[in-house]
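Welcome! Take a moment to look over the chain, and then we will walk through some of its parts together.

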Amino acid sequence: MIERIDVAVEDGRLATCRLGAAADAGAPLVLAIHGITSTSRSWLATARALGDRATLVAVDLRGRGQSVGLPPHVGLDAHVRDMVAVLDAAGLERAVVAGHSLGAYIAARLAIRHPERVAGVVLVDGGLTIPASAGADPAQFVQEFLGPTFARLKMTFPDVAAYQGWWARHPAVAGADVDRADLDTYAAYDLVGAPPELRSGITPQVVADDGLDLFGEPDAPRLTTPATFLCAERGMVDDPHPMQPLADVQEWADGDPEHRRAMQVADTNHYTIAWGARGASAVADAIADAAEVP
């Protein structure tokens, strides 16, 4: 089930959707926040893995998906204000919040700024300092770290099938346990324009500005809200350099073992920890545990 719901935010309306169990199923609602160049459709596999245990309220952040028309007030604080509006619109006084990549940093900031609204946090391969970013020039690091992503955002495609095929050949996805129907839905949802010059709706400047806001001290080490951190074994292009190394995540969990849990999801990379069957199953179980449902 995909139910589109637009939410009034400062200077416009933010696109959100409910993914998974029907509204009348009685499943708890969980706020789901996607990554820096992604959309709400990145949560399709997790919603399916959840079944009737929870329904995801998945957002399209400003400048992504169906929220591309909003002024790009980028940065974690702007996104947090939007997430509070989403919680209000959904009638959620207090909710579990899940975030992947950039979404994990937003989830942690939301829990720090509004602890009364967050019952639990599920951080998926994001939330801590990115290796090699400490002491680096922020603008240069963002350009280098997200180089392949920036390249994609500047590409054009003659038709939807060409973009879907590009994603199917992506080194993080090719040969992985990602459902092709989910991938095709994700790719088609991301496109704007008209053939033969279709392109991703996400502008490079939005990505660069949000990326710059990840520098400085992360919020996750200050969390007192119950939190689970799931990290991948490999990096953004299925490389052996994870974005959030297990040693760093375990050190974070050891800082407050009463409220924090660390878990590495075997044989996943930065994408497949959310998009693949194995990763989505682990994320769904963590969400269900946080929501205290069987």
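## Starting at Val160

Let us begin with Val160, which sits in helix α6 (residues 160–168). Helices (H or I, at least four residues) and strands (E, at least two) are DSSP runs, numbered from the N terminus. Val160 is partly exposed, with 33% relative accessibility; buried means under 20% relative accessible area, exposed over 50%, and partly exposed in between (1.4 Å probe, protein chains only). Not counting residues up to four places away in sequence, Val160 touches Ala188, Leu191 and Leu198, where contact means heavy atoms within 4.5 Å. Ala286 is 126 residues from Val160 along the chain, and their C-alpha atoms are separated by 34 Å.

## About the model

This is a predicted model, in which local features need pLDDT of at least 70, side-chain atom pairs count only at pLDDT 80 or more, and totals for chains, interfaces and linings use all residues. Residues are numbered from 1 along each chain as its sequence is written, and side-chain values use heavy atoms, with hydrogens and water left out.

## The sheet

Now for the strands. An open sheet of 8 strands runs in the order β1-β2-β4-β3-β5-β6-β9-β10, with mixed pairing. Its edges are β1 (2–9) and β10 (260–265); each has a single partner strand, so one side of each is left without a neighbour in the sheet. From one strand to the next, the twist averages 25 degrees.

Two strands pair if DSSP finds at least two bridges between them. β1 and strand β2 (residues 12–20) are antiparallel partners over 8 bridges, with Asp6 opposite Ala15 in β2. These two strands form a hairpin with 2 residues between them, and Asp11 in the turn has a positive phi of about 65 degrees. β2 also pairs with β4 in the antiparallel sense, over 5 bridges, and here Cys17 stands opposite Ala58 in β4. Elsewhere, strand β6 (residues 118–124) and strand β9 (residues 227–232) pair in the parallel sense over 4 bridges, with Val121 opposite Ala227 in β9.

How many residues of β3 are buried? The count is 5 of the 5, so β3 is largely enclosed by the rest of the structure. Leu29, Leu31 and Ile33 point one way from the strand, while Val30 and Ala32 point the other way. β3 pairs with β4 in the parallel sense over 4 bridges, and Leu31 has Val57 as its bridge partner in β4.

The loop between β3 (29–33) and α1 (44–50) holds Ser40. Ser40 is buried, with a relative accessible area of 1%. Leaving aside neighbours within four places in sequence, Ser40 is in contact with several residues, among them Cys17, His34, Ala58 and Tyr189.

## Helices that pack

Helix α11 (residues 277–290) lies across β3, β4 (55–59), β5 (95–100), β6, β9 and β10, running at about 165 degrees to β10. Axes are lines fitted to C-alpha atoms, for helices over the stretch in contact, and angles run from 0 to 180 degrees between N-to-C directions.

Helix α4 (residues 138–145) packs with helix α8 (residues 204–212) at an angle of about 125 degrees, their axes 9 Å apart. α4 and α8 are therefore oblique to each other; angles under 35 degrees count as roughly parallel, over 145 as roughly antiparallel, 65 to 115 as roughly perpendicular and the rest as oblique. Where they meet, Pro138, Ala139 and Val142 in α4 touch Ala208, Gly211 and Leu212 in α8.
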